[in-house]
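Trainee: I would like to go through this structure with you, one question at a time.
Mentor: Go ahead, and keep the structure in view.

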Amino acid sequence: MDDVTTGEPLIVLDGVNKWFGPLHVLDDVSLSVGRGEVVVVIGPSGSGKSTLCRTINRLEPIDSGSITFDGRPLPAEGKGLAKLRSEVGMVFQSFNLFAHKTILENVTLGPVKVRKEKPAAVRERGLALLDRVGIANQADKYPAQLSGGQQQRAAIARALAMQPKAMLFDEPTSALDPEMVGEVLDVMTSLAREGMTMVVVTHEMGFARHAANRVVFMADGRIVEDAAPTEFFANPRSERAKDFLSKILTH
Amino acid sequence: MGEFFRVLTDNQQVFLDGFVNTIKLFLIAAVGSLVLGTLLGAMRVSPVPALRAFGATYVNLIRNTPLTLVFAFLVFAVPKLDVNIDYFPSACIALTVYTSAFVCEVVRSGVNTVATGQAEAARALGMTFGQVLTLIVLPQALRAMVPPMMSVFIAMLKNTTIAAGFSVLEAGAIPAYMAERGEPQMVVLSWIVIGFLILIIPLVLLQRFLERKWAVAR
């Protein structure tokens, strides 16, 4: 796929290190993501890919190095950090929809409470987003009444309602039954086509192949490869990547 | 049997005054400890280490102190600091200070029943700590908090009787008063037991109502 990067990158990680106790979970990680770029992060479990994704909106603080978003270093805490988070959408493996709110309330809560937007306008936008992800008819139900695939699409709509500059996906399809993976990936693919900047941690190699601008392969807390998907899947350079691909692509 | 009811009817004003004071003490301390305890609970789950330490110190100090000592401190020690508070407000403060430590722990354990992903998703949207707590976590924690919270309040209702030892005329002070009048203690005490049982019924009904109201599908 062509390089869509224009101007300065939106997300820049430079020499990032993080430890969980003695475990060096991010080892000198540097990565930059351009505006409109879709970067898919893959790698074996425990390679640090989810942690990497979570450092970008500082759900995980880092021990050293720097992360900038839209030209500014991530604020450490307080209002600045909250503002940054409101500009970065996040989708979790376990959906994390607010269990005591309806689907529509889940989508409108952020804009109304964080952005202080007018409820009526937000409601309209929320319904349009639910329609876009194909669950407009579920607006008044509670999360527990929806299938996993529907919940994850609602979670994507909730993140989009904040009109974010970038979207982070932390294994968005890993908790889904196989027949529901497609409906979530379809939504993500259409987002990617519309030019949303995305960092996607996933095991879905099909998505990486057709929707990513770049594939980042991580192992043991390091970025081992960073290449265009065609190049990565056809000619992985490292032994770790070859080994990983041989294990997941043989089935 | 006639004797049993005579004790109540002959002394109804004493019983009435006593229990009205008990109810007043209870209601004031319940509201006070609900507010203070929730604040302390919020401190204990906050991201600020100093607040967490304050909350933990408060709970460990107060929860391990006999209530009689807390009363004695307020009634006898505080006036030595040239702060003069009447007996009744002192009793309200003592009960509030003491019960708040238990309310705090109920709030904290309720918060712990809410999946961490809920707070994480709220933070990821850009909510402040206060918003995460009041909009997302506490509403979902309420249901788990109801049964232990009621136990705390029922215990507190009975703890009000310690105020009798500090010159507050509540239900716990009735026996001494009646002894002076020469009434049979067995009967007096039985009426006080019945009084407390009657006071606890609305609390039990409230608990049942709230548990149904706050049922959350997970």
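Trainee: How many helices and how many strands does chain B have?
Mentor: Keep in mind that this is a predicted model. Read from the N terminus on, the elements of chain B run α-α-α-α-α-α-α-α-α. The count for chain B is therefore a count of helices, where a helix is a DSSP run of at least four residues. It comes to nine helices and zero strands.

Trainee: What does the C-alpha trace of chain B span along its principal axes?
Mentor: The trace belongs to a chain of 218 residues. Its span along the principal axes is about 70 × 45 × 20 Å.

Trainee: What percentage of the residues of chain B count as buried?
Mentor: A residue counts as buried when its relative accessible area is under 20%. As for the surface, chain B exposes about 11000 Å², with carbon and sulfur atoms supplying 68% of it. Of the 218 residues, the buried share is 44%.

Trainee: Among contacts in chain B between residues at least 6 apart in sequence, what share joins residues at least 24 apart?
Mentor: A contact here is a pair of residues with heavy atoms within 4.5 Å. Counting such contacts in chain B between residues at least 6 apart in sequence, the share joining residues at least 24 apart is 79%.

Trainee: How far apart are the mean positions of the positive and negative charges of chain B?
Mentor: Chain B has 15 positive and 11 negative charges.

Trainee: Which residues form the salt bridge between chain A and chain B?
Mentor: The contact takes 24 residues from chain A and 19 residues from chain B. About 1800 Å² is buried between the two chains, and carbon and sulfur atoms give 64% of that area. The count of salt bridges between them is one. With its closest N and O atoms 2.6 Å apart, this bridge joins B:Glu120 and A:Arg54.

Trainee: Which residue of chain A also meets A:Arg54 in a salt bridge, and is that residue buried or exposed?
Mentor: A:Arg54 itself counts as buried, because its relative accessibility is 13%. Within chain A, its side chain meets that of A:Glu60, at 3.3 Å from N to O.

Trainee: Where is A:Phe95, which has a positive phi although it is not a glycine?
Mentor: Most residues other than glycine have a negative phi. A:Phe95 has a phi of about 65°, and its relative accessible area of 11% makes it buried. Its place is in the loop between β6 (88-91) and α3 (103-113) of chain A.

Trainee: In which strand is A:Asp28 found?
Mentor: A:Asp28 also has a positive phi, of about 55°, although it is not a glycine. Its relative accessible area is 46%, so it counts as partly exposed. The strand of chain A that holds A:Asp28 is β2 (residues 23-33).

Trainee: Which residues is A:Ala159 in contact with, leaving aside its neighbours within four places in sequence?
Mentor: A:Ala159 lies in helix α5 (residues 148-160) of chain A. It counts as buried, because its relative accessibility is 5%. Its contacts are A:Gly89, A:Met90, A:Val91, A:Pro164 and A:Met167.

Notes: Residues are numbered from 1 along each chain as its sequence is written. Chains are lettered from A and ligands numbered from 1 in the order in which they are written. This is a predicted model: local features need pLDDT of at least 70, side-chain atom pairs count only at pLDDT 80 or more; totals for chains, interfaces and linings use all residues. Side-chain values use heavy atoms; hydrogens and water are left out. Helices (H or I, at least four residues) and strands (E, at least two) are DSSP runs, numbered from the N terminus. Buried means under 20% relative accessible area, exposed over 50%, partly exposed in between (1.4 Å probe, protein chains only). Accessible areas come from the Shrake-Rupley method with a 1.4 Å probe; for residues, only the protein chains shown count as cover. Lys and Arg count as positive and Asp and Glu as negative; His and the chain ends are not counted. The place of a charge is taken as NZ of Lys, CZ of Arg, CG of Asp or CD of Glu. Buried area is the accessible area (1.4 Å probe) that two parts lose on being put together, summed over both. A salt bridge is a side-chain nitrogen of Lys or Arg within 4 Å of a carboxyl oxygen of Asp or Glu.
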